[in-house]
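Please read it with the coordinates open.

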Amino acid sequence: MNLIFLGPPGAGKGTYASRVAAKLGIAHISTGDIFRENIKKQTELGKLAEQYINKGELVPDEITIKMTLERLRQPDCEKGFILDGFPRTIAQAEGLEKAGIKIDLVLNFLVPEQVLIERMSGRRTCKKCGAIYHIINLKPKQEGICDKCGGELIQREDEKPKVIKERLKVYAKKTAPLIEFYEQRGLIKNLDGNRPIDVVVDEIINLIQ
Ligand code: AP5
């Protein structure tokens, strides 16, 4: 199963993808996580990506396509994968097609804008393993500490109100047109992402099994 999780920032793509990938034993590829890992290590890619991410803009297509195609060539993707946060532009979707990557299904998560803002403002991410929490919806057992690895929970740089607004604008302009792109290919399935996490995850599993 090769899946794409599509939706605005804060829709829950990363939350659902990590759970579904673990249940199905397939790879979870988050371009946002790859960029953040590179920023943490201050690689050349990280230094470049940071300039765009901290402003809420997209990292240029050429760099992002190359990075994602390299990741898809890793052996853990042979059994299937979930792309979380890629493609984000028509050029990126065409990049996948040109590389001959077959996609079975695109899940598009629908969540009202006010809920997206609340989710992003309250999100906390583990500095060490990347696990995602929320100060109200998904609290860790101990405040500020990751349940899975004991790492410190932090707020992402791109979660400031001004940057959140910019990311929503960029989504509407550059990423939302992908809904039609995949509709034309008969691959899209819309899901209500404004329900409890377990309910959404169960629906995804039922859909693809
Ligand atoms: P990325 O990390 O991909 O950010 P995003 O797509 O903006 O998505 P988010 O991670 O903000 O949200 P999500 O949908 O994964 O929601 P989450 O599960 O965390 O990208 C960051 C940046 O990197 C981009 O802005 C861009 O600059 C760059 N980038 C990445 N990919 C790129 C690409 N392909 N091209 C160019 N640039 C790229 O959930 C949010 C919160 O809500 C959490 O706290 C969670 O606990 C909570 N929550 C989730 N689901 C529910 C639910 N059902 N009920 C209650 N709470 C919930």
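1. Basis. This is a predicted model, in which local features need pLDDT of at least 70, side-chain atom pairs count only at pLDDT 80 or more, and totals for chains, interfaces and linings use all residues. Residues are numbered from 1 along each chain as its sequence is written, and side-chain values use heavy atoms, with hydrogens and water left out.

2. Main core. The largest nonpolar core has 24 residues. (Such a core is a set of buried Ala, Val, Leu, Ile, Met, Phe, Trp, Tyr and Cys residues joined through side-chain atoms within 4.5 Å; buried means under 20% relative accessible area, exposed over 50%, partly exposed in between, with a 1.4 Å probe and protein chains only.) Phe-5, Tyr-16, Val-20, Ile-82, Leu-107, Phe-109 and Ile-204 touch the most other members. Two or more residues each come from β1 (2-6), α1 (13-24), β4 (105-110), α6 (113-122), α7 (161-175) and α9 (197-208). Helix α9 gives the largest share, five residues. (Helices, H or I of at least four residues, and strands, E of at least two, are DSSP runs numbered from the N terminus.)

3. Beyond its neighbours within four places in sequence, Ile-204 is in contact with Phe-5, Tyr-16, Val-20, Leu-107, Phe-109 and Leu-191. (Contact means heavy atoms within 4.5 Å.) Another core, of 22 residues, lies apart from this one; Ala-27, Ala-93, Leu-178 and Phe-181 are among its members.

4. α1 against α9. The two helices pack at about 50°, with axes 10 Å apart. (Axes are lines fitted to C-alpha atoms, for helices over the stretch in contact; angles run from 0 to 180 degrees between N-to-C directions.) That makes α1 oblique to α9. (Under 35 degrees counts as roughly parallel, over 145 as roughly antiparallel, 65 to 115 as roughly perpendicular, the rest as oblique.) From α1, the contact uses Thr-15, Tyr-16, Arg-19, Val-20, Lys-23 and Leu-24. From α9, the residues include Ile-197, Val-201 and Ile-204.

5. Thr-15. This residue of helix α1 counts as buried, at 10% relative accessibility. Not counting residues up to four places away in sequence, Thr-15 touches Ile-132 and Ile-197.

6. α2. Which residues of helix α2 (31-41) are buried? They are Thr-31, Gly-32, Phe-35, Asn-38 and Ile-39. Seen down the axis of α2, they fall within an arc of 130° and so line one face of the helix. (The arc is that of the directions from the helix axis to the C-beta atoms.) These residues pack against β2 (27-30), α3 (44-53), α4 (61-72) and β3 (81-84).

7. α2 against α4. The angle is about 100° and the axes are 11 Å apart. That makes α2 roughly perpendicular to α4. Thr-31, Ile-34 and Phe-35 in α2 meet Thr-64, Met-67, Thr-68 and Arg-71 in α4.

8. Backbone points to check. Gln-42, in the loop between α2 and α3, has a positive phi of about 55° although it is not a glycine. Gln-42 is partly exposed, at 37% relative accessible area. A cis peptide bond joins Phe-86 and Pro-87, with omega about -5°. Pro-87 sits in the loop between β3 and α5 (90-98).

9. Tyr-182. This residue of helix α8 (177-184) counts as buried, at 3% relative accessibility. Leaving aside neighbours within four places in sequence, Tyr-182 is in contact with Ile-4, Pro-87, Ala-93, Leu-96, Val-106, Leu-187 and Ile-188.
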